[in-house]
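Please look at the sequence and the model before reading on.

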Amino acid sequence: MKWMRFRIRTNEESEDIIISTLSEIGLEGAQIEDHAPLTAAEREQMFSDDMVEDEENDGIAYLNFFAEIDDRQMLTITDDDGKKIQKTPEEIQTAIRQQLDELKQYSDIGAGTISVDITQDIDWINNWKQYFHKFYIDDVLVIPSWEELDENDEKKAKKILHIDPGTAFGTGMHETTQLCVRQLRKYVNAETELLDIGTGSGVLSILALMFGAGHAVGTDLDPCTIPAVHENMLANGISGKQFELLIGNMIDDQVVRDQVGYEKYDIVAANILPIVLLPLTPLIKGHLKKGGIYITSGIIAEKEEAVRKAHEEAGFEILEIHHQGEWVSITSRKN
């Protein structure tokens with residue numbers, strides 16, 4: 001099997017937003033190369049006694065996106081409806097260039113250059129699994145489908161989340177997800193109706209249901225979330241009556257907002273980048289019940305004040321602000 005690789009030079013701060021943006025044109029997932037120092041948690045996940053020292057961090061990052069290429073030199077990608085379609089390499093490269101040029105208008109994405117080459121016989125979707133091992137969020141054990149429980153896990157873990165992220169973002173390892181998990185655990189009860197915006201692999205919704213929530217609705221732009229969420233629901237004994245998934249954009253798609261429903265949620269969780277949170281936040285109030293809780297994460301420290309201000313301008317009362325690493329979570333209430 002042959003793959004065409006689109007390699008983008010950028011900076012570490014822009015990795016998430018470029019990955020999210022290019023997913024909208026059908027490029028699923030990315031291989032990231034940077035010199036960002038490993039966190040303590042990441043070092044623990046490496047399970048190596050021969051740990052090399054972190055290289056000097058120059059802030060430069062490379063994102064590698066792969067698309068299968070056939071004998072006719074056509075590339076297979078996934079469209080907005082989750083269907084496989086074919087495009088020429090030139091069409092894909094032009095679409096990438098357009099997206100990067102738009103990002104450059106309001107964000108420093110570094111060089112933003114694109115290089116293209118062809119590689120063969122790689123399992124790029126599954127190679128990352130060698131770095132993802134079971135880990136804890138407090139007393140919640142998150143374990144991938146390719147690992148097994150041991151005796152210590154059975155004694156230590158109060159909750160066990162079986163997870164297979166597939167090609168959708170979200171293992172629960174990222175600081176932003178962990179911030180959300182802790183807030184959900186604090187506010188969820190048996191009556192909770194949860195709206196999980198940008199659900200990804202369904203981690204937040206599934207854990208909220210495991211914490212005792214009554215029902216969850218997840219939304220996401222990426223059709224790749226459908227199989228990932230379905231498999232994770234099955235792995236954790238979550239039924240379709242408990243967790244409903246909708247594909248679409250909450251910000252500009254009125255049909256999706258109508259499907260989600262108004263003034264019916266006890267908690268809305270949005271673990272998304274600030275560029276999405278800022279236009280999304282004014283809309284959320286209409287979907288929450290009076291006294292409902294709005295949990296946001298995915299906020300880099302530099303954007304904390306802007307997102308906090310968005311909460312307040314939308315009429316929310318700030319309840320809590322938490323930090324983990326360079327990330328921030330802001331929780332507020334509709335009064």
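**Contacts, burial and helix packing**

Q: Which residues does T281 touch, not counting residues up to four places away in sequence?
A: The model is predicted, so local features need pLDDT of at least 70 and side-chain atom pairs count only at pLDDT 80 or more, whereas totals for chains, interfaces and linings use all residues. Numbering runs from 1 along each chain as its sequence is written, and side-chain values use heavy atoms, with hydrogens and water left out. With contact taken as heavy atoms within 4.5 Å, and with residues up to four places away in sequence set aside, T281 touches Y294, A310, H311, A314 and F316.

Q: What share of the residues in the chain is buried?
A: The secondary structure of the chain comes to 10 helices and 16 strands. Among the contacts between residues at least 6 apart in sequence, 66% join residues at least 24 apart. Out of the 335 residues in the chain, the buried share is 47%.

Q: Which residues does D108 contact, leaving aside its neighbours within four places in sequence?
A: D108 sits in the loop that runs between α3 (89-104) and β6 (113-120), and with a relative accessibility of 61% this residue counts as exposed. Once the neighbours of D108 within four places in sequence are left aside, its contacts are N11 and S14.

Q: What distance separates the C-alpha atoms of D108 and E13?
A: Along the chain, D108 and E13 are 95 residues apart. In the model, the separation between their C-alpha atoms is 8.6 Å.

Q: Is S14 buried or exposed?
A: S14 lies in the loop between β1 (2-11) and α1. Leaving aside neighbours within four places in sequence, S14 is in contact with S107, D108 and I109, and D108 is itself an exposed residue. For S14, however, the relative accessible area is 2%, so this residue is buried.

Q: How are α1 and α3 oriented to each other?
A: The axis of helix α1 (residues 15-23) comes within 10 Å of the axis of α3, and the two cross at roughly 135°, where axes are lines fitted to C-alpha atoms over the stretch in contact and angles run from 0 to 180 degrees between N-to-C directions. The residues that meet are I17, I18, T21 and L22 in α1 and I96, Q99, L100 and L103 in α3. Angles under 35 degrees count as roughly parallel, over 145 as roughly antiparallel, 65 to 115 as roughly perpendicular and the rest as oblique, and therefore α1 and α3 are oblique.

Q: Which residues of α5 and α6 make the contact between these helices?
A: Helix α5 (residues 175-187) and helix α6 (residues 203-210) have axes that come within 10 Å and cross at roughly 25°, which means that α5 is roughly parallel to α6. From α5 the contact is made by T177, C180, V181 and L184, and from α6 by V203, L204, L207 and A208.

Technical notes
Helices (H or I, at least four residues) and strands (E, at least two) are DSSP runs, numbered from the N terminus. Buried means under 20% relative accessible area, exposed over 50%, partly exposed in between (1.4 Å probe, protein chains only).
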